[in-house]
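Dear colleague,

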Amino acid sequence: MDNIKTLLGKRIKELRQKRRYTQEKLAEMANIEIPSLSNIENGKNYPNHETLYKLATALNVRPFELFIFEYYQNSAQMLKEMMALMEKDDELIRKMYKYFLCIK
């Protein structure tokens with residue numbers, strides 16, 4: 001099963017490809033380094049809230065839309081996995097709370 005970093009990376013790549021942007025183009029639009037974008041898309045790195053906002057803006061979506069994993073069939077399992085990750089990472093809890101406040 002994919003973890004949240006992998007799913008987020010797949011989603012960003014999916015949105016980028018739908019818009020026919022290269023990694024270079026999206027990185028330039030979001031004002032981030034190309035290797036950083038590559039690592040995010042490959043699920044190696046989890047972007048901070050500022051980078052997520054920049055990517056969402058460049059992709060012309062609201063930040064929460066980066067977390068719509070259409071290919072994730074079981075939302076209960078996704079929630080369970082998110083909770084398990086947040087239990088281990090206080091910073092992730094703070095980030096997710098900030099995102100929640102932005103979308104509610």
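Predicted model: local features only at pLDDT ≥ 70, side-chain atom pairs only at ≥ 80, totals over all residues.

Residues are numbered from 1 along each chain as its sequence is written, and side-chain values use heavy atoms, with hydrogens and water left out.

Helix α1 (residues 4–18) packs with α4 at an angle of about 25°, their axes being 10 Å apart; helices here are DSSP runs of H or I with at least four residues, numbered from the N terminus, and axes are lines fitted to C-alpha atoms over the stretch in contact, with angles from 0 to 180 degrees between N-to-C directions. That makes α1 roughly parallel to α4, a term for angles under 35 degrees. In contact (heavy atoms within 4.5 Å), L8, I12, L15 and R16 of α1 meet L52, L55 and L59 of α4.

P47 lies in the loop between α3 (34–41) and α4 (49–59), and is buried (under 20% relative accessible area), with a value of 5%. Leaving aside neighbours within four places in sequence, P47 is in contact with L8, I40, L52, K95 and Y99.

E41, which is found in helix α3, also counts as buried, at 6% relative accessibility. With neighbours within four places in sequence again left aside, the contacts of E41 are G9, K10, I12, K13, R16 and Q23.

Terms used. Helix = DSSP H or I, 4+ residues; strand = E, 2+ residues; numbered from the N terminus. Buried < 20%, exposed > 50% of the residue type's maximum accessible area, 1.4 Å probe, protein only. Parallel < 35°, antiparallel > 145°, perpendicular 65-115°, else oblique.
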